[in-house]
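Please read this briefing alongside the sequence and the coordinates.

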Amino acid sequence: MAGIYIHIPFCSQFCSYCDFYSVKQTQNIDQYIKALEKEIVIRSNDFKMRGLTVGTIYFGGGTPSLIKTASLKRILRAIQDNYPFSPGGAYEVTIEVNPDDITPLYLDGLKECGFNRLSMGIQSFSDNHLRWMNRRHDAQTAIMAFQMAREAGFLNISTDLIFGFEMLSESEWRENIQKTISLNPEHISAYQISIERGTTLYKNYVKGEYIAPADESSAKQYQILQKELSKAGYIQYEVSSFCKPGHHSGHNSSYWDFTPYFGFGPSAHSFDGTKRQRNFSSLAKYIKASESGGKFGTSHKHSAKERFNEFIMLSLRKTEGIDRAHLEKFYKNFVTAEFIKELDKLTESGFLIEERGKIRIPPEHLFVSDGIIRDLFA
Ligand SMILES: C[S@@+](CC[C@H](N)C(=O)[O-])C[C@H]1O[C@@H](n2cnc3c(N)ncnc32)[C@H](O)[C@@H]1O
Ligand code: SF4
């Protein structure tokens, strides 16, 4: 089984906090689709040689919903025509959509293409917050987009929220959570805002015009999130991911479970089971590579130490945690006396729990998971 990720590097407006690779020149979309089809075809031999089969497809961005459904269909056809699919079907085919791109006609087109899961970037239900984020939509547009998606027959929808920014009060955060719950999505991703270099948020932060809230305040918001979503029947299965039973994101889970995935488009990442590849974060360079049949990016084989650190990080981000038997079997050189001592220390202080062969971070400490994970690195 493997995942396929397609990066759509276009946004008509940039959000103040986002540093995902994306450009505004939407006049290049058609040329980009052609380049993408080429990459999909060129790399298919590599995929087949490894005996992989497609289990999930994910269109992320940038803004995939800026692309006409006829073009999305062409990309999907290139995958269907060149890649073997996992036997048995039940494929998860997701597209990230921005609420203001949604119309009944567009949704019908997405259905016809074969998309069966939407990931909707709502972020907040406050128009004030949305303006501050420089989002294109307002709260009412988001609610209508969600309802339209239901009416169009989408039964698997994820919504994204952001917390931990200066102007978000506790009561507004509670309201954002309640409004999300009232829409009843199958999946919710909630991200603590991060200040990324090169973004407007970063510039404002450096100038002292944006003051990041205290960690305790973001930790409290995270705690409220966990409590309210749990009461509403959502299961937390990863640091930022919550779902109704049976609705975890199959595609994202492949990143955390070391399932291979092939990513196409500028800045897309791939993991073929041994090597990591990162495509160039430049649309011009990417289009050139497709025309010359050259390299789309650089690849890197992780050292044993990098693989171990990655295993610790990805496993502990999941609420399921680390499988102790797997750790001892495949990473035995790193299970040193020093590592065991650190593990015991974290367990004694309650930052880790070991139960039924799994080592995990309990929900009340997931907010500080990064620090716990770093303590265990080789
Ligand atoms: C990169 S966007 C792509 C999908 C779509 N364009 C959208 O905005 O929803 C995917 C998710 O990453 C989140 N994101 C991007 N930068 C972030 C940051 N610095 N901190 C927290 N979340 C961020 C976005 O808000 C969105 O929910
Ligand atoms: S959050 Fe989404 S819409 Fe906003 S700049 Fe990033 S990719 Fe574009």
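The points below concern the domains, the cores, the ligand surroundings, selected helices and some backbone details.

This is a predicted model, and its chain is divided into domain 1 (2-256) and domain 2 (304-375). The centres of domain 1 and domain 2, taken over C-alpha atoms, are separated by 29 Å, and the contact takes eight residues from domain 1 and eight residues from domain 2.

**Domain contact**

- On the side of domain 1 that touches domain 2, the elements that give two or more residues are α9 (215-231) and β7 (235-238).
- The residues on that side of domain 1 divide by class into five nonpolar, two polar and one charged.

**Nonpolar cores**

- The largest nonpolar core has 73 residues, of which Ile 4, Ile 6, Ile 79 and Ala 149 touch the most other members.
- Strand β1 (residues 2-8) gives the most to this core, contributing five residues.
- Because domain 1 (2-256) and domain 2 (304-375) both give residues to this core, the core lies between them.
- When its neighbours within four places in sequence are left aside, Ile 6 is in contact with Leu 36, Phe 59, Ile 75, Phe 264 and Gly 265.
- Apart from the core described above lies another core, of five residues, and among them are Cys 15, Tyr 17, Leu 130 and Leu 201.

**Surroundings of the ligands**

- Sixteen residues, written as 16 in the count, are found around ligand 1, and of these Cys 18, Glu 96, Gly 121, Asp 160 and Tyr 191 come nearest.
- Strands β2 (54-61), β4 (117-123) and β5 (157-163) each supply at least two residues of the shell around ligand 1, and the residues of this shell divide into six nonpolar, seven polar and three charged.
- Ligand 2 is surrounded by Cys 11, Phe 14, Cys 15, Cys 18, Phe 20, Ser 22, Gly 61, Gly 62, Thr 63, Asn 98 and Gly 121.
- The shell around ligand 2 has five nonpolar and six polar residues, and no charged residues.
- Cys 18 and Gly 121, which are among the residues that come nearest to ligand 1, also belong to the surroundings of ligand 2.

- Helix α12 (residues 304-317) has 14 residues and reaches 20 Å from its first C-alpha to its last, which is close to the 20 Å expected at 1.5 Å a residue.
- The buried residues of α12 are Phe 308, Ile 312, Ser 315, Leu 316 and Arg 317, and what covers these buried residues includes β7, α10 (250-256), β13 (322-323) and α15 (369-375).
- As a general point, an α-helix has 3.6 residues a turn, so residues three or four places apart point the same way.
- Helix α14 (residues 337-348) has twelve residues and reaches 16 Å from its first C-alpha to its last, close to the 16 Å expected at 1.5 Å a residue.
- Helix α14 is hardly covered, since the count of buried residues among its twelve residues is zero, and just after α14, Gly 350 takes a positive phi of about 85°.

**Backbone details**

- In general, most residues other than glycine have a negative phi, and most peptide bonds are trans.
- A cis peptide bond, with omega of about 20°, joins Gly 61 and Gly 62; Gly 62 is found in the loop between β2 and α3 (69-82), and both glycines are listed in the surroundings of ligand 2.
- Asn 184, although it is not a glycine, has a positive phi of about 65°, and Asn 184 lies in the loop between α7 (170-183) and β6.
- Asn 184 counts as exposed because it has 12 C-beta neighbours inside 10 Å.
- Ser 267 is likewise not a glycine and has a positive phi of about 75°; Ser 267 is found in the loop between β9 (261-264) and β10 (269-271).
- Ser 267 is partly exposed, because 19 other C-beta atoms lie within 10 Å.

**Gln 192**

- Gln 192 has its place in strand β6 (residues 187-192), and it is partly exposed because 17 other C-beta atoms lie within 10 Å.
- Not counting residues up to four places away in sequence, Gln 192 touches Phe 163, Gly 164, Ser 218 and Tyr 222.
- The C-alpha atoms of Gln 192 and Tyr 58, which are 134 residues apart along the chain, are separated by 22 Å.

Key: Residues numbered from 1 in each chain as written. Chains lettered and ligands numbered in written order. Predicted model: local features only at pLDDT ≥ 70, side-chain atom pairs only at ≥ 80, totals over all residues. Domains from an automatic or database assignment. Contact = placed C-beta atoms within 7 Å. Helix = DSSP H or I, 4+ residues; strand = E, 2+ residues; numbered from the N terminus. Nonpolar A, V, L, I, M, F, W, Y, C, P; charged D, E, K, R; others polar. Near = placed C-beta within 6 Å. Expected span 1.5 Å × (residues − 1). Buried ≥ 20, exposed ≤ 12 C-beta atoms within 10 Å, placed from the backbone. Core = buried A, V, L, I, M, F, W, Y, C linked by C-beta atoms within 7 Å.
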